[in-house]
Amino acid sequence: MAAMQMRPNIVDHSHQVCRVAEFLADALMDAGVPLDRRLVTAAALLHDITKTRSLDTGENHAATGASYLADLGYRRVGEVVRQHVALDRYDRIGYPQEAEVVNYADKRVLHDVITELDPRMAYIRERYGTTSAHLERIAALWQATKALERRLFAHLPFTPRELADAMTADS
Ligand SMILES: [Fe+2]
């Protein structure tokens, strides 16, 4: 993070996404879902590793974050980072995977505050919905993320709304 001169607010966001992703991973693993927790932690912490640079360059930070990490030898972490904005697939069946946990956790953190899906997606629409093509893509992503939420929470003993309270109770 220091080497990439990440903005402090993006560092704070990354730490909060990591807390949410780890909490979800632990709860999923308690429910019998096999996950690589270290992969979840690393990818959640590093998901926006090239975001600060992208504000100047306009690069696709999910793609360049992945290649940056792959070049350092962390290909699997990069694969999860690459999918943090949009997953390769939203039609998976079977156990939830690390990329799904990190992607969803990022959609539950607005700046550094745990929020519900709708306000976070509304923020994404406000900030990135600059053309009708973008708006269409964001709407599709919103629906797909709602389905992802249902898929993850099918395994969990608390609801999406209860997530923040469940994390407080646990800490
Ligand atoms: Fe990001």
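Start with the cartoon view: read along the sequence, this predicted model follows the pattern α-α-α-α-α-α-β-β-α-α-α. That comes to nine helices and two strands.

Now show just the C-alpha atoms. Along the principal axes they fill a box of roughly 40 × 40 × 30 Å. Colour by burial and 33% of the 171 residues count as buried.

Next, select Ala21, Leu24, Ala43, Ala44, Val101, Val102 and Ala105. These have the most contacts inside the largest nonpolar core, which has 31 residues. Two or more core residues come from each of H1 (8-30), H2 (37-46), H4 (61-71), H5 (75-82), H6 (98-107) and H8 (132-153). H1 gives the most, with eight residues.

Zoom in on Ala43. Leaving out residues up to four places away in sequence, Ala43 touches Val77, Val80, Val81, Glu98 and Val102.

Last stop: hide everything but H4 and H5. How do their axes cross? They come within 7 Å and cross at roughly 175°, so H4 and H5 are roughly antiparallel to each other. On the H4 side, pick Ala62, Ala63, Gly65, Ala66, Ser67, Leu69 and Ala70; on the H5 side, pick Arg75, Val77, Gly78, Glu79, Val81 and Arg82. Colour this H4–H5 contact by residue class and you get seven nonpolar, three polar and three charged.

Definitions and conventions:
Residues numbered from 1 in each chain as written. Predicted model: local features only at pLDDT ≥ 70, side-chain atom pairs only at ≥ 80, totals over all residues. Core = buried A, V, L, I, M, F, W, Y, C linked by C-beta atoms within 7 Å. Buried ≥ 20, exposed ≤ 12 C-beta atoms within 10 Å, placed from the backbone. Helix = DSSP H or I, 4+ residues; strand = E, 2+ residues; numbered from the N terminus. Contact = placed C-beta atoms within 7 Å. Axes fitted to C-alpha atoms, helices over the stretch in contact; angles between N-to-C directions. Parallel < 35°, antiparallel > 145°, perpendicular 65-115°, else oblique. Nonpolar A, V, L, I, M, F, W, Y, C, P; charged D, E, K, R; others polar.
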